[in-house]
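I opened my notebook to record what I looked up here. The entries follow in the order I made them.

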Amino acid sequence: MPRKIIIDTDMGVDDALALIFAAKLPEVQIDAVTTVSGNVHVDQATENALKILDVLGKKNVLVGRGAAKPLARSHVHSQEIHGRNGLGDSGLPEPQLRTVYDDGVGLLIQRVLAARKGEVTLVTIGPLTNVAQAFTREPRLADRLDRVVIMGGAYGLTRYGRGGNVTSEAEYNIYEDPEAAEIVFHSNARITAVGLDVTMNPSAALTRQHIDHLASKGTVVSDVIRKVTANMVSRWGLVYLHDPIAIAAAVDKTLLRTEKHMVDIDVTEKGIGRTTIIRRDESSSATGHEIDIAVNIDAKRFIDMFLEAVASS
Ligand code: BDR
Ligand code: CA
């Protein structure tokens, strides 16, 4: 039986790759996609999700438009990285008309409650605004999920996670809505955090050679991958697969090695979005529960898994 997942996304370039990857993995059934403001505004993120689902022929995946802004702050986009439209200004065809649920948070709650306890894994690849709202609106939700796999944070547990990618210390998804991250990290959900500690490992990134190899297949999907990644590849020569790694973590726990830690989310202006490990011996009054934090990735196996899935027909 494929694993049911819900993907909560801000639909930048690597989110698009994550959606394609998840849709192509036989081990996965995408139950719903909920969108959130992040890399781009939620309206653009929703349009991007529909465009990618159209390319994949996934007409029956439910889509819900979620939060337009973080819980307590203004929205800070990252169009300078992901392009004005979030998809590398790739000019994909307009999406076909379909129903979009206006209450993405409500859709998330409804789908999880409709499933058996532990049947759904939630994979978050954008800021945590929708999930925090869902956990607050429906307190039973966190425990109903198998787990939440969160792409977010920089934990300083490997050399790749010693710095952030927005400030010197903060990773984007946590920086964008730290108040939401605090609610989710301190909930009773079982959490696997996939942070920069593993996603910035260059051996787990998509290179120009990988993209050329995929493009030689001449499929619709390989063409979309080439288009959405073109700007990033011309600027940096590679594309970090932050969000696809979170999808992989949801289906194959053996790809990542994790450590259990408590985490503090910094919501102060000085350290906004910083994710700090609380060592047990440092503070006996530390609150919150331990989560699994990725500290190593079998990069070769992950890249092979990604390339094989996205190249499949
Ligand atoms: C995260 O931020 C976004 O720009 C990416 O899509 C990813 O989810 C990496 O820090
Ligand atoms: Ca993202």
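Where does aspartate 89 lie? I found aspartate 89 in the loop between α3 and α4. I note that I am reading a predicted model.

**Entry: positive phi**

I checked the backbone at aspartate 89. Its phi is near 50°, a positive value in a residue other than glycine. Aspartate 89 has 35% relative accessibility, so I log it as partly exposed.

I then turned to methionine 11. Its phi is also positive, near 50°, and methionine 11 is not a glycine. I placed methionine 11 in the loop between β1 and α1. Is methionine 11 buried or exposed? I read 0% relative accessibility, so methionine 11 counts as buried.

**Entry: aspartate 15**

I moved on to helix α1, residues 13-24, which holds aspartate 15. Aspartate 15 is buried and has no salt bridge. Which side chain of opposite charge is nearest to aspartate 15? I found arginine 235, and it is 14 Å away. A salt bridge needs a nitrogen within 4 Å of a carboxyl oxygen, so I set that pair aside.

What does the side chain of aspartate 15 meet in a polar contact? I found the side chain of threonine 9, at 2.9 Å. I also listed residues that aspartate 15 touches, leaving out those up to four places away in sequence. They are Thr9, Asp10, Asn39, Ile125 and Asp243.

**Entry: two helices**

I looked at how α1 packs with helix α2, residues 42-55. The angle is about 35°, and the axes are 10 Å apart. α1 passes α2 in a right-handed crossing. Which residues make the contact? From α1 I noted Ala16, Leu19 and Ile20. From α2 I noted Ala49, Ile52 and Leu53.

**Entry: salt bridges**

How many salt bridges does the structure hold? I noted 24. Side chains of opposite charge can pair when their charged atoms come close. I followed some of the pairs along the chain.

Arginine 3 pairs with aspartate 146, with the closest N and O atoms 3.7 Å apart. Arginine 3 is partly exposed because its relative accessibility is 27%. Aspartate 146 has a relative accessible area of 21%, so I log it as partly exposed.

Next I checked aspartate 54 and arginine 98. Their side chains meet in a salt bridge at 3.5 Å, N to O. Aspartate 54 is in helix α2, and arginine 98 is in the loop between α3 and α4, 44 residues apart. Is aspartate 54 buried or exposed? I read a relative accessible area of 18%, so aspartate 54 is buried. Arginine 98 is partly exposed, at 21%.

I then took aspartate 102 and arginine 65. Their closest N and O atoms are 2.5 Å apart in a salt bridge. Aspartate 102 is in the loop between α3 and α4, and arginine 65 is in strand β3, 37 residues apart. Aspartate 102 is exposed because its relative accessible area is 61%. Arginine 65 is partly exposed, with 25%.

Which residues are linked in a network of salt bridges? My last entry names Lys4, Arg116 and Glu119.

Technical notes: Residues numbered from 1 in each chain as written. Chains lettered and ligands numbered in written order. Predicted model: local features only at pLDDT ≥ 70, side-chain atom pairs only at ≥ 80, totals over all residues. Heavy atoms only, no water. Helix = DSSP H or I, 4+ residues; strand = E, 2+ residues; numbered from the N terminus. Buried < 20%, exposed > 50% of the residue type's maximum accessible area, 1.4 Å probe, protein only. Lys, Arg positive; Asp, Glu negative; His and termini not counted. Polar contact = N/O pair within 3.5 Å; in protein donor to acceptor, adjacent residues only side chain to side chain. Contact = heavy atoms within 4.5 Å. Axes fitted to C-alpha atoms, helices over the stretch in contact; angles between N-to-C directions. Left-handed = near helix turned anticlockwise from the far one by under 90°.
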